[in-house]
Amino acid sequence: AIFCLRRVVAMVRILLCGDVRGDVPKLCKAVEALQRKLPEDQKFQAVFCVGEFSAEEMDLEVQPSVPIYFIDCGPACQDLIEESPQGDEVAPKVHFLGHFGVASLAGLKVAFLSGRLNSELFDEGEEDLDAVEGAIASDELKS
């Protein structure tokens, strides 16, 4: 007898979102509107937000239907990073991922980085670009 074992992998549906700028209720309403249009087996399991999540005034009085995970480069990003470098739940089902790392979320391994570029710390000279292009070219030749 020959047995064939098949591993069925369910597709994980993630909604990616850009700048929220503190308007979390608006995000939740938009997610709910999308979810209502989808069949049950196609609904999103999580929302990943990138860009400016925070704002000077934040409304976190929300009850999202799916978990929201975010990184931040908005006005509160430095405070978030200092207070919760490893991440934290800032409201029910609303999770700041942290300063940097890799996490398992909704069945996926996700690498993340929060913060803002401080251009004073980086010199974007031609030699840096040449070095990167050289490294890429040498790797391409090896394959």
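Buried means under 20% relative accessible area, exposed means over 50%, and partly exposed lies in between, with a 1.4 Å probe and protein chains only. This is a predicted model, in which local features need pLDDT of at least 70 and side-chain atom pairs count only at pLDDT 80 or more, while totals for chains, interfaces and linings use all residues. Residues are numbered from 1 along each chain as its sequence is written, and side-chain values use heavy atoms, with hydrogens and water left out.

**The whole chain**

Start with the cartoon view. The chain has three helices and seven strands, and along the sequence they follow the pattern β-α-β-β-α-β-β-β-β-α. Helices (H or I, at least four residues) and strands (E, at least two) are DSSP runs, numbered from the N terminus. Of the 143 residues, 30% count as buried. Contact means heavy atoms within 4.5 Å; among contacts between residues at least 6 apart in sequence, 53% join residues at least 24 apart.

**The salt bridges**

Select Asp19, Arg21 and Glu52, which are linked in a network of salt bridges. A salt bridge here is a side-chain nitrogen of Lys or Arg within 4 Å of a carboxyl oxygen of Asp or Glu. The structure holds two. In one, the side chains of Asp19 and Arg21 meet at 2.9 Å, N to O; Asp19 is partly exposed, at 39% relative accessible area. In another, Arg21 pairs with Glu52, and their closest N and O atoms are 3.8 Å apart. Arg21 sits in the loop between strand S1 (14–17) and helix H1 (24–37), and Glu52 in the loop between strand S2 (46–49) and strand S3 (68–70), so this pair ties together parts that are 31 residues apart in sequence. Glu52 is partly exposed as well, with a relative accessible area of 23%.

**The nonpolar cores**

Next, select Leu27, Val47, Cys49, Phe53 and Ile68. These have the most contacts inside the largest nonpolar core, which has 22 residues. Such a core is a set of buried Ala, Val, Leu, Ile, Met, Phe, Trp, Tyr and Cys residues joined through side-chain atoms within 4.5 Å. The elements giving two or more residues to this core are S1, H1, S2, S3, helix H2 (77–83) and strand S5 (94–96). H1 provides the largest share, four residues. Now centre on Val47: leaving aside neighbours within four places in sequence, its contacts include Leu15, Leu27, Val31 and Ile68. A second, separate core of nine residues includes Ala46, Phe48, Val110 and Phe112.

**The cysteines**

Return to Cys49, which is buried at 2% relative accessibility. How far is its sulfur from the closest cysteine sulfur? That sulfur, in Cys17, is 4.2 Å away, too far for a bond. A disulfide is a pair of cysteine sulfur atoms within 2.5 Å, and a search of the whole structure finds zero. Cys77 is in no disulfide either, with the nearest cysteine sulfur, that of Cys73, 6.7 Å away. Cys77 is buried, at 4% relative accessibility.

**Ser114**

Finish at Ser114, in the loop between strand S7 (108–113) and helix H3 (126–142). Is Ser114 buried or exposed? Ser114 is buried, with a relative accessible area of 4%. Its side chain reaches the backbone oxygen of Gly98 at 2.9 Å, and a polar atom of that side chain lies 3.3 Å from the backbone nitrogen of Asp72. Not counting residues up to four places away in sequence, Ser114 touches Ile71, Asp72, Ile81, Phe96, Gly98 and His99.

Definitions and conventions. A polar contact is a pair of N or O atoms within 3.5 Å; within protein, one must be able to donate a hydrogen and the other to accept it, and residues adjacent in sequence count only if both atoms are side-chain atoms.
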